[in-house]
Amino acid sequence: MATKISAGILPYRISDRSLEVLLVHPGGPFWAKRDEGAWSIAKGEVDEGEDKLKAAIREFREETGFAVDGEFIALAPVRQSGGKWVHAWAIERDFDVARVASNTFAMEWPPRSGKEQHFAEVDRAQWFPLPEALKRVLGGQRGLLEELRERIANRLAPPPA
């Protein structure tokens with residue numbers, strides 16, 4: 001079985017020389033009461049033969065409702081605990097999280113009920129200062145945030161002495 005590959009977009013903004021990143025919270029009953037370690041970059045699976053950046057842009061739009069283009073920063077792929085590889089690109093953009101509109105998925109809920117319910121793939125999005133984002137994001141994706149910080153360090157305030 002082939003290893004699953006996801007691709008996503010990591011928007012960031014700089015305010016008062018501090019880095020903030022946009023993360024999304026997965027929808028559905030499994031994630032409903034989870035917070036710390038549950039957030040993610042907006043991402044999704046790459047189809048066989050599909051260009052990873054194009055897939056990332058598509059998935060970002062499907063999960064947030066926002067189109068994105070411009071100068072992307074390619075980040076090194078990371079491997080999540082389940083074995084899935086995540087390819088990501090960062091871009092400096094500011095989005096109004098109140099306007100997030102995600103696509104939906106269907107699943108049987110409650111389990112073994114025979115009832116199909118629809119849930120938003122992303123139930124909310126939020127801007128986080130980097131230290132908070134590192135607590136909230138899935139462990140396997142922390143490397144993406146840390147690499148972004150390193151790549152734009154010259155634009156950020158120096159860490160406290």
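## Helix H1

Ala55, Ala56, Glu59, Phe60, Glu63 and Thr64 are the buried residues of H1, where buried means under 20% relative accessible area, exposed over 50% and partly exposed in between, with a 1.4 Å probe and protein chains only. Viewed down the axis of H1, these residues fall within an arc of 135°, so they line one face of the helix; the arc is that of the directions from the helix axis to the C-beta atoms. The model is predicted: local features need pLDDT of at least 70 and side-chain atom pairs count only at pLDDT 80 or more, while totals for chains, interfaces and linings use all residues. Residues are numbered from 1 along each chain as its sequence is written, and side-chain values use heavy atoms, with hydrogens and water left out.

H1 covers residues 52–64, 13 residues in total, and reaches 18 Å from its first C-alpha to its last, close to the 18 Å expected at 1.5 Å a residue. The expected span is 1.5 Å times one less than the number of residues. Helices (H or I, at least four residues) and strands (E, at least two) are DSSP runs, numbered from the N terminus. The buried residues of H1 pack against strands S1 (5–15), S2 (18–26), S3 (42–45), S5 (85–92) and S8 (122–129).

## Ends of H1 and leucine 53

At the N-terminal end, aspartate 51 caps H1, with a side-chain oxygen 3.2 Å from the backbone nitrogen of leucine 53. A polar contact is a pair of N or O atoms within 3.5 Å; within protein, one must be able to donate a hydrogen and the other to accept it, and residues adjacent in sequence count only if both atoms are side-chain atoms. After H1 comes glycine 65, which has a positive phi near 85°.

Leucine 53 belongs to H1 and, at 26% relative accessibility, counts as partly exposed. Beyond its neighbours within four places in sequence, leucine 53 is in contact (heavy atoms within 4.5 Å) with Ile9, Phe72 and Trp89. Tryptophan 89 is 36 residues from leucine 53 along the chain, and their C-alpha atoms are separated by 7.5 Å.

## Nonpolar cores

A nonpolar core is a set of buried Ala, Val, Leu, Ile, Met, Phe, Trp, Tyr and Cys residues joined through side-chain atoms within 4.5 Å. The largest has 23 residues, of which Leu10, Val21, Leu23, Leu145 and Leu148 touch the most other members. At least two residues of this core come from each of S1, S2, strand S4 (73–79), S5, helix H2 (130–136) and helix H3 (142–151). Another core, of 17 residues, lies apart from it and includes Ala7, Ile9, Phe66 and Ile91.

Setting aside neighbours within four places in sequence, the contacts of leucine 23 include Leu10, Trp39, Ile41, Phe128, Ala133 and Val137. Arg124 and Gln126 are also among them.

## Helix H3

Leu144, Leu145, Glu147 and Leu148 are buried in H3. Down the axis of H3, the buried residues fall within an arc of 165°, so they line one face of the helix. Their cover includes S1, S2, S4, S5 and H2.

## Backbone features in loops

Tryptophan 109 and proline 110 are joined by a cis peptide bond, with omega about -10°. Proline 110 lies in the loop between strand S6 (104–108) and strand S7 (116–120).
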